[in-house]
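Let's take a friendly walk through one protein model, a few spots at a time. Have the sequence and the 3D view open as you read.

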Amino acid sequence: MSDQTRYELGEAVDDLRASKGCYGDLKKLLSAAMTNENCCIDGFFEFDELGPANYITIKESQAKKLRKSMSWGLLVLLLLVSSSLAKGRGDNIQQHRVATIGAVVDFTSRVGKEQRIAMDLAIQDLLHSNCLTVNLDLKDSQGNSAKSTSAAINLLNDKKVEVIIGTLTMQEAAVVSEIEIRKANFTILSLTSTAIKPSPASLQLPNYLQVANDIVIYMQCLAALVGHFQWRKVTALYEQNIDFSSNSGIITLLSDSLKLVNSEIEHHQAFPILSSLTDPDAFFDEELKKLRSKRNRVFIATQFSLNSAVFLFRKAKEMGMMGKGYVWIVTDEIASLLDSVDNSVKYNMQGVIGIKTNFIESTKNFAKFKTRFRRLYGLQYPEEEENSSPSIFALRTYDTMHAIALAMKNAATKYLSQEIVSTEFQGLSGMMEFKNGMLSQSPTFQIINVFGRSYSEIAFWSPHFGFSDNRNKHLDTKERTNHNYVQVLGPINWPGGLQAPPKGWTLVDEERPLKIGIPARGAFNQFVKVTYDQNTNQTRITGFSIDMFEAAVKNLPYQMPYVFVPFNGSYDELVEQVYYKGLDAAVGDIEVIAHRYHYVEFSQPYISSGLEMVVPVKSDKLKEKWMFMKAFSKTMWFLMIIIHLSVCFVVCFIENEHGQNFELKRIGDILWFSVTVLFFAQRERVQSNLARLVLAPWLLVILLVVATFTASLSSMMTISRVQPSVLDVETLKKGNGTVGCNGNSFIVRYLVDVLEFRPENIKRISSISDYPKAFESGEIQAAFFVAPHAKVFLACYCKGYMKAGPIYKPSGFAFVFPKGSPLAIDMSKAIVEVNEKKQVELLEKQMLSSFNCSPSLNSNDGPIALRPPHLAHAALPCQGASLINRDNDWFRPALGSSGDRLQTPTSLCRDGLVPSSALSPRPATSSPNSTGSACLNSKGTARMPLHSLILERNPVYPCSLTTSVAHDDTPESGT
């Protein structure tokens, strides 16, 4: 034996000892060494079981053959090698084992072909690494559930396999277990694309393991993608070759996940397996035409085989369903196999979004496996050599074979499933670890976008991190977060070449506009008004609600053709027409109330509302005429007058007795002194110190009383002068009062059901102009309006009415759409944008400005204004004095040296002018005959007739575009 051979054999022995080699490996090692010596031991040399002495025994007959074919040196070397292994490893030398494994796959599918190649590669690696010889028996299921079940039973009965791997579903495994109940010592490992949690009935299958992730995680990823783009409805497509793809299975799981993102499945369509159709073209054409006739444009193709998916997208391309406005999403069964299809298939799938299970492709083990896989796949299927890259399904099959090998090293057959469950290692597809009968590690999905000849990665998604553009972030399972969404995904090329996300729905016939119903018999035509122009033979529709709807439509990100359809029924009947699909939507002063939500959906309210009660005002006429007298109570007035006169008489008495004041001797002078003292304008001199001592404290009291009077009068002029004729609803019901409301609205039902009015006490009124007539005739004591209608009514009839009582059930006016309509969401967003631009306030002001009135001029709002009757009562002394001759001794001023006495009342009040002394304590300097300079206006600058001194806002005339101002001396009469 040469030195080179001896050296190589020594190195190999060391490697074998370090790797816990088995006798099968030793046989290959020695065979290679003897080949270099031109000898062979194959066919006559075999290893027996490990004896008690831990050395290899060679049968005598074999030893004789061995001596003839090899040198004594090599024989001695063989014994040394065996002894070295025995001494160095001892009990750690592993025993070679033969495993019998059965496989059930679909040889006609791409997934089945990849799984078959992966099994062959695993068998080649298992003998060297695990001292395991695998006898693999393959069965072709041909994609048929019955054949899969039959093949599994055959493998258990005839081939006596220990493990079955393949695409067996839980239902198929349950059938196999039921038939082979006596042979409980077998394990089934399912290689389906997704795993479902076993039901309580299926928990009796402890030997059934699913080498896949929970299907709920796949549904969550789909829902997260749908929710990110705010698609409210989707159409689910699936292939019926999988048992749990039914309404109670995958559709239910997907629907539950979509509900969490405010979306739902509008339609779902099952497609039979392609090979079962006699005329696939006709069937797919008919089904796709039905889907195209629907409004929804978001399609999710889940649980489809690759062949069926390729055929589906080819037909969809032919029918124009891969154009603008469409959205197609595919799951792992299709997305993970896109590397294996040619460019013609990708051409039909342009713009498709895919969810693909992510695995690490940068490791050396994967690169080595990929090279071997492509070489063997090309040899087995030369027609597919160009597209021979392995997918996640091949990697999981390869890892499953290794999991079986690791379990068989440490367990007997009857405990094999338990050992597989406890197995944990990092495989090519990821971490192989089982929990609850399926893979426990949460997967990371690539979100891909088919574009051109390949696809691009736009994001990654995992249950813990949501969407992200960083693959490494999802690999760190120690870092957790609750954020399941990000604001921006990568750039996406949508079907038809669109760059912006499609809205996900469209009109059934884009040439047919939406039929928008409007109330034609509304009591308040300020919101919706329908007029017919005989000259042009056209119907004109205007109003606040119409303007608001048109403003919202302009803010939609797409064009929406529509036509208004006047409706002559009630508001509830209008809503029902939308529910019964007679109308596509409804626009107007439609209140949002609870029971209507059972039939339709509402947009965001475009104006706030609520139920309000309007009643006539009850004016206090006495309070208007003698308002200044209400500043103090009667007792206060009486005491003030008595005390004031008493103080003045005492002062005059003291002056006459001690001061000899001749100016305060006559009664007229004493009374005039008492008046001028109030205004600190007395001209009579108080000479006596005792009189001054009496008068000084009283002047301080007068100062305080005047300030208090001024404050009290100001407060009275600021607060309301009027009161409602009815205070609240309870007063109405106790008095059996009659109320009026719009007969076509919800108010009638609300008054009866909620506020508990008697139906006979509710009068239905159809026009805004009928309410004042009903109030004046006494037919109603109160009227109920929604808040916007009440605002219009009080703007139209400014005087005589006011709000009373609380606001009931605040809500708002909104637009009506069918249940689940995506237009409700889009219009709500548009209404918010209109509100942010202050357009609603502008439209409301334009509506109310047509009345030449402001809603704030209600009789219970704003300060009180002085009118001529108020001043007339205060001017009665002035008017009475003008009837008395100025030469009368009673009113003649006392003689004195001063010539600047006040003028006589006649000269001061001539022609009804306000004397300047009434506005200023300074005396007038003009002559008795010159009234121009002495008679000033309220600002002291110009002449003004007495009846024109009206310190109030301009009067407003109800529901009229023209106004006329009265020029007589009487106040205006309100409507």
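## A threonine in a loop

Let's start with T108, which sits in the loop between β1 (97–105) and α5 (110–130). Helices (H or I, at least four residues) and strands (E, at least two) are DSSP runs, numbered from the N terminus. Before going on, note that this is a predicted model, where local features need pLDDT of at least 70, side-chain atom pairs count only at pLDDT 80 or more, and totals for chains, interfaces and linings use all residues. Residues are numbered from 1 along each chain as its sequence is written, and side-chain values use heavy atoms, with hydrogens and water left out.

What does T108 touch, not counting residues up to four places away in sequence? The partners are K113 and N307, where a contact means heavy atoms within 4.5 Å. The side chains of T108 and D106 are also joined by a polar contact of 2.6 Å. That term stands for a pair of N or O atoms within 3.5 Å; within protein, one must be able to donate a hydrogen and the other to accept it, and residues adjacent in sequence count only if both atoms are side-chain atoms. Then there's Q142: it is 34 residues from T108 in sequence, yet 6.3 Å from it in space, C-alpha to C-alpha.

## An open sheet and its helices

Next up is an open sheet of eight strands with mixed pairing, in the order β7-β6-β8-β9-β10-β15-β16-β17. Two strands pair if DSSP finds at least two bridges between them. At the edges are β7 (264–271) and β17 (466–468), each pairing on one side only. From one strand to the next, the twist averages 25°; angles run from 0 to 180 degrees between N-to-C directions, and axes are lines fitted to C-alpha atoms, for helices over the stretch in contact.

Inside this sheet, β6 (residues 233–239) and β8 (residues 298–301) pair in the parallel sense over three bridges, and T235 stands opposite F299 in β8. Helix α11 (residues 306–318) packs on the sheet, touching β6, β7 and β9 (327–330), and its direction makes about 175° with that of β9. Helix α9 (residues 250–259) lies across β6, β7 and β8, running at about 160° to β7.

## A hairpin

Further along, β19 (residues 529–533) and β20 (residues 538–542) pair in the antiparallel sense over five bridges. V530 has I541 as its bridge partner in β20. Four residues lie between the strands of this hairpin, and N537 takes a positive phi near 55°.
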